[in-house]
Amino acid sequence: MGEVPISHILFVSTALFFIGMYGLFTRRNMITMLMSIELILNSVNINFVVFNKYLYPDKLDGIFFTIFIITIAAAEAAVAIAIIINLYRSHRSIDVETAEEMKY
Amino acid sequence: MLGLFGRKYFKTSSGIIGTGLLLVSTILSLYTAYNYFFVDGKIGDTYQSITAIKYTWLSFSENASIDMGIILDPISVMMLVVVTFVSLMVHIFSLGYMKGEERFATYYAFLGLFTFSMLGLVVSGNLFQVYMFWELVGVSSYLLIGYYYDKPSAVAASKKAFIVTRFADLGFLIGILILAFSGNSLDIETLIHNLSSLEFNGAVTMSFLGISALTWGLTLVFIGGAGKSAMFPLHIWLPDAMEGPTPVSALIHAATMVVAGVYLVARLFPLFHFNQAALTIVTFIGLLSAFLAAVIACTQTDIKRILAYSTMSQIGYMMFALGVSGYGGEFGLGYTASMFHLFTHAFFKSLLFLGAGVVIHFIHSNEMKDMGGLRRYLPVANWTFLVACLAIAGIPPFAGFFSKEEILLAAYNSNKLVYGVALFTSGLTAFYMFRLYFSIFWNKNAAIHNHSATADRHGEGPLSMKMPLIILAACSALAGFIPFGNYVSSDKVILESHFDPIFSIAPVAFGVIGILLAMWMYKNESSRADKLSQSWGGLYKAAYKKFYIDEIYLFITKKIIFNLIGRPAAWIDRNMVDGLMNGIANTTATVSGFIKGIQSGKVQSYAIYFFGGIIALAIVFLYLWK
């Protein structure tokens, strides 16, 4: 089995990014939106790793960046879930459409 | 000296503390005066100006800076003594007079503030410092006139006093700026030095509207002084200022603040004497004030107003004495005389006011027709008032005689017209003062019977009210014997005052005639005064109405200024300034109405904007950015 060409992997990550974007825009459930954001983040991670491997195979900068992003994504997920829980407590729902008081 | 300034920071919680501190100040200033005149100040025959403290506070350029400092020279030391002494007397007097007033402590705080600022004014060596304390004095005067702030007339009077003096201060400020600009300094001594030296002649001869800059500067400064000193035509605030408590009138509107203008002219006298035009203005304004005020005083019926006009008249005397004075030696007689009169006037005029205070305290009215025959009830006030009246009328050997003699002599030496008017005015002075005296203390009429019940309740008031009267009476009687020329003269060289008995015959004769006339008309109840006033019809009425000057002012402000300036200004404000602001607000509101739909509150639409924005930026950067 030969080397996977870089374009395939980049295609996967782009697909992942736009799936995430689509989910973020269309879903009304906040949990699902959170998952979509995670997809976007992971597509970026894949990009980092791939470019690191194919362009600078003797360096580790891209991989370190990925690890950073994973760590921060974990923290971000915790914050997002806390927000969702609070939203649920105040609105009895996790539908973003119900939380629209912050307008003019 | 710092004791004088400590007073400002001291919140007077009671009259005793205030008075005590002032007593300390007085002793300090007397000590200073003693040291200055007899120990340190004299070098040869000349008194030096001592700059005790000088501290640069704000500097604008190398030469022009505002220094805070203390300058001692003969006139400032003299003023120190006068201010602290009279202030002390008034403080003591107020202990009795103001007893039971609700805002007793406030009153003393104001008095303290006033004394502080007045002292600051007299010792300052920088024109701008003078100006600052000048304003402070104005403020404290405003506060004290409006002390009975629940009385509409008092409020109106304080407002009037403030506005009129403010108006004059504008002139003062512009004058200071002109002088500072052409003299290149704000320090008085440097200024005098610069302006009198030759290299600055260019600046001096620089003219505006055909009048030199120096004349403009000095005239404007004099307008400031005239406003404070209630010279014609800016005198209208002084009689109204009598709405304040009587001891305040004694302190501020008789002895100290109103002579600030005279003091200012005297301070800048080395400049004034260079400029004949400015001096002439000083002379004639002073003379006119002296004469007009004396005539008005003859017709008024409110005792404090009479005293107010008399103050104005006496200050007019001081002013024209300065105006006719020359510089140095024999020619400086007017200067010395003016300062001398300031000194003696402070004593007898505050005495008169305090005496009037006793009378008002006793009778609860300012109107002369409510009084009469009070000599049996108020013996101390009677005698002290008599002393003061004799002093102001210029009867030897009381203080006013000596100073008035010198003024008249100075006037005689320089201008016969001035002398004539001054002589006549001194006769009028004697007349109206004794009209006052006889009306209050003799002239029996029915009024006293109504008050006999009151008389049993309180006599002349406590010792604190009598003591200042007696002390001041002693001063009024004896101050004339001070050889004043030895201490204060225009060029600080000792001036031998000589006394010419022949010359003094005329003024004394005029004084005596005035007194006799007043006695004939007012000593006993009679209709002579009424007949006389009727026969003089129009003139009497005009004088009673103060020559309609108030009405003229009212006409000018109401009809001319309000209509021609106020109305258009209001129109511009309402239609143009407000219109502009409203237009801006309306535009903003309309625009925001259009765009507020964007802020929908939906998280996902925000995300779409965000994403769209990124795409747009990406397109811009990738394809359009070359």
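In this predicted model, the largest nonpolar core holds 167 residues. Five members touch the most other members: B:Val262, B:Val265, B:Val282, B:Leu322 and B:Ala388. Helix α16 of chain B, residues 333–363, supplies the largest share of this core, with 19 residues.

B:Val262 illustrates the contacts made within chain B. Residues up to four places away in sequence are left out of the count.

Packed helices are described by the angle and the distance between their axes. Helix α12 of chain B (residues 260–267) and helix α15 of chain B (residues 303–324) have axes that come within 10 Å. The axes cross at roughly 10°. Angles under 35 degrees count as roughly parallel, so α12(B) is roughly parallel to α15(B). From α12(B), the contact takes B:Val262, B:Val265 and B:Ala266. From α15(B), it takes B:Ile315, B:Met318, B:Met319 and B:Leu322. The residues of this contact are seven nonpolar, with no polar and no charged residues.

At 1.5 Å a residue, its 22 residues should span 32 Å. The end C-alpha atoms are 32 Å apart, which agrees. α15(B) is also mostly covered, with 21 of its 22 residues buried.

Helix α3 of chain B, residues 74–97, was examined in the same way. Its 24 residues should span 34 Å at 1.5 Å a residue. The end C-alpha atoms of α3(B) are 34 Å apart, in agreement with that figure. α3(B) is mostly covered as well: 23 of its 24 residues are buried.

Chain B as a whole contains 26 helices and six strands. Of its 626 residues, 51% are buried. Contacts between residues at least 6 apart in sequence were also examined. In chain B, 78% of these contacts join residues at least 24 apart.

Individual residues show how separate parts of chain B are placed. B:Val358 sits in helix α16 of chain B. B:Val358 has 27 other C-beta atoms within 10 Å and is therefore buried, the cut-off being 20 or more. B:Val358 and B:Thr246 are 112 residues apart in sequence. Their C-alpha atoms are 9.0 Å apart in space.

B:Tyr108 lies in helix α4 of chain B, residues 104–123. B:Tyr108 is buried, because 26 other C-beta atoms lie within 10 Å. B:Tyr108 and B:Leu144 are 36 residues apart in sequence. From C-alpha to C-alpha, B:Tyr108 and B:Leu144 are 9.9 Å apart.

B:Met132 belongs to helix α5 of chain B, residues 127–145. B:Met132 has 18 C-beta neighbours inside 10 Å and so counts as partly exposed. B:Met132 and B:Leu121 are eleven residues apart along the chain. Their C-alpha atoms are separated by 8.1 Å.

Chain A has three helices and zero strands. From the N terminus on, its elements run α-α-α. Chain A has 104 residues, and 9% of them are buried. Among contacts in chain A between residues at least 6 apart in sequence, 46% join residues at least 24 apart.

One backbone feature of chain A concerns A:Arg92. This residue is placed in the segment after α3 (61–91) of chain A. The phi angle of A:Arg92 is near 60°, a positive value in a residue other than glycine. A:Arg92 has 8 other C-beta atoms within 10 Å and is therefore exposed, since the cut-off for exposed is 12 or fewer.

Finally, the two chains touch each other. Ten residues from chain A and ten residues from chain B make up the contact. On the side of chain A that touches chain B, six residues are nonpolar and four are charged. That side of chain A has no polar residues.

Key: Residues are numbered from 1 along each chain as its sequence is written. Chains are lettered from A and ligands numbered from 1 in the order in which they are written. This is a predicted model: local features need pLDDT of at least 70, side-chain atom pairs count only at pLDDT 80 or more; totals for chains, interfaces and linings use all residues. Two residues are in contact if their C-beta atoms, placed from the backbone, lie within 7 Å. Ala, Val, Leu, Ile, Met, Phe, Trp, Tyr, Cys and Pro count as nonpolar, Asp, Glu, Lys and Arg as charged, and the others, Gly among them, as polar. Helices (H or I, at least four residues) and strands (E, at least two) are DSSP runs, numbered from the N terminus. A nonpolar core is a set of buried Ala, Val, Leu, Ile, Met, Phe, Trp, Tyr and Cys residues joined through C-beta atoms within 7 Å. Axes are lines fitted to C-alpha atoms, for helices over the stretch in contact, and angles run from 0 to 180 degrees between N-to-C directions. Angles under 35 degrees count as roughly parallel, over 145 as roughly antiparallel, 65 to 115 as roughly perpendicular and the rest as oblique. The expected span of a helix is 1.5 Å times one less than its number of residues.
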